[in-house]
Amino acid sequence: MYKRQVYALVVFPVGMNKDLITANKPLIDIRYNSQFLLVGKLLSSQIQLSLGNGLVTLGAKKLLLSGTHSESLAASLSPVTSQTTALFNRNNSYVGFLVLPVLIALWQILSVFVFMNSLNAELKPAEGKPKLAADFWQSVIAKVLLLTPIMLVHGSFILVWLYLYLALPIAGSIGLLMIAQLAMLLTLWVIACFIFLIIREKASCISICTALFAPAFAFMGITFPVNDMPLLAQWWRLIMPSSHYIDSHVGIVSYGEALPQLLTQLGSYWIFLPLIPLIFILSRFAVERSSIEPEGGQ
């Protein structure tokens, strides 16, 4: 209200109390913008809950005026009562439910761009496709050792902000989440190297990474069930490391999985192992070999 930002509007009609008591049906107008997914859904559920609880008092007053005995008020107002307890989202907040996958998807895009741009710096001009220097793998190892901790700092910032600063509920350990992030980053580096050695063109490498990882949020299975996705979408989901990470994340945060369960889940990355020998084979054709000139005078 201080910022003058309106996300919902509730209009109570004039004389609502009188209409309720006299058996009329007043109209309470509730308007909210469902395009704001987080805010809209949260406001909709909370407004309906608040109105339901607030109107109970007026309903009880109406029943008393109509001659209902006070001891039967509870049964008349709510003949069937139900209790819904969200095990892993007690406050029904969409922050931990949707913000985390969005941040992970953005973090994945940022990480692959950083690593791919560093690989593009190794391209050497040559006839046909650009070549790579003979010390290419030494440079790749140096990039992995440098960029992995840097991007882990970004990923750990997401965890600290959500589970320490915002104090969202977490059943497991943040340390296990960082291990899962490390496995995701290493897998991402393998995919980036594979794409880079096939294309060996700066703009095309970035474009392919964008097209490949841009739908990461939609394919994580958080907002849409994985089993209901088309078969092509399920295959596409498997080649994105963020989809494997989110399974570990949900298990640790919601179910409190320990290290043995995490290691078992990390076995899903095995589908990327065949890329490693292919990367070394492709590098043999891409690395520029220095020619040895025969000895002799001019």
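Predicted model: local features only at pLDDT ≥ 70, side-chain atom pairs only at ≥ 80, totals over all residues.
## Overall composition

The protein contains 11 helices and 4 strands. Of its 298 residues, 33% are buried.

Among contacts in the protein with a separation of 6 or more, 71% join residues 24 or more positions apart.

## Packing of helices H4 and H5

Helix H4 spans residues 95–120, and helix H5 spans residues 136–165. The two pack at an angle of about 160 degrees, and their axes lie 10 Å apart. An angle over 145 degrees counts as roughly antiparallel, and H4 and H5 are therefore roughly antiparallel to each other. Their crossing is right-handed.

On the H4 side, the contact is formed by Val-99, Leu-100, Leu-103, Trp-107, Leu-110, Ser-111, Val-114, Phe-115, Ser-118 and Leu-119. H5 contributes Phe-136, Val-140, Lys-143, Val-144, Leu-147, Met-151, His-154, Gly-155, Ile-158, Trp-161, Leu-162 and Tyr-163. Sorted by class, the residues of this contact comprise 17 nonpolar, 4 polar and 1 charged.

## Residues with positive phi

Most residues other than glycine have a negative phi. Ala-167 has a positive phi, near 60 degrees, and is not a glycine. Ala-167 is placed in the loop between H5 and helix H6 (174–199). With a relative accessible area of 55%, Ala-167 is exposed, because the cut-off for exposure is over 50%.

Arg-200 also has a positive phi, of about 55 degrees, although Arg-200 is not a glycine. This residue is located in the loop between H6 and helix H7 (202–213). Arg-200 has a relative accessible area of 11% and is buried, since buried means under 20%.

## Leu-212 in helix H7

Leu-212 belongs to helix H7. Its relative accessibility is 16%, so Leu-212 counts as buried. Leaving aside residues up to four places away in sequence, Leu-212 touches Ile-191, Ile-195, Trp-236, Ile-239 and Met-240.

## Leu-43 in helix H2

Leu-43 is part of helix H2, which covers residues 37–65. The relative accessible area of Leu-43 is 27%, and the residue is therefore partly exposed. The value falls between the limits of 20% for buried and 50% for exposed residues.

With residues up to four places away in sequence not counted, Leu-43 touches Tyr-7 and Ala-8. Leu-43 and Tyr-7 are 36 residues apart in sequence, while their C-alpha atoms are 8.2 Å apart in space.

## Gln-265 in helix H10

Gln-265 is found in helix H10, made up of residues 259–266. At 18% relative accessibility, Gln-265 counts as buried, because the value is under 20%. Excluding residues up to four places away in sequence, Gln-265 is in contact with His-244, Asp-247 and Ser-248.

Terms used
Residues numbered from 1 in each chain as written. Heavy atoms only, no water. Axes fitted to C-alpha atoms, helices over the stretch in contact; angles between N-to-C directions. Parallel < 35°, antiparallel > 145°, perpendicular 65-115°, else oblique. Left-handed = near helix turned anticlockwise from the far one by under 90°. Contact = heavy atoms within 4.5 Å. Nonpolar A, V, L, I, M, F, W, Y, C, P; charged D, E, K, R; others polar. Buried < 20%, exposed > 50% of the residue type's maximum accessible area, 1.4 Å probe, protein only.
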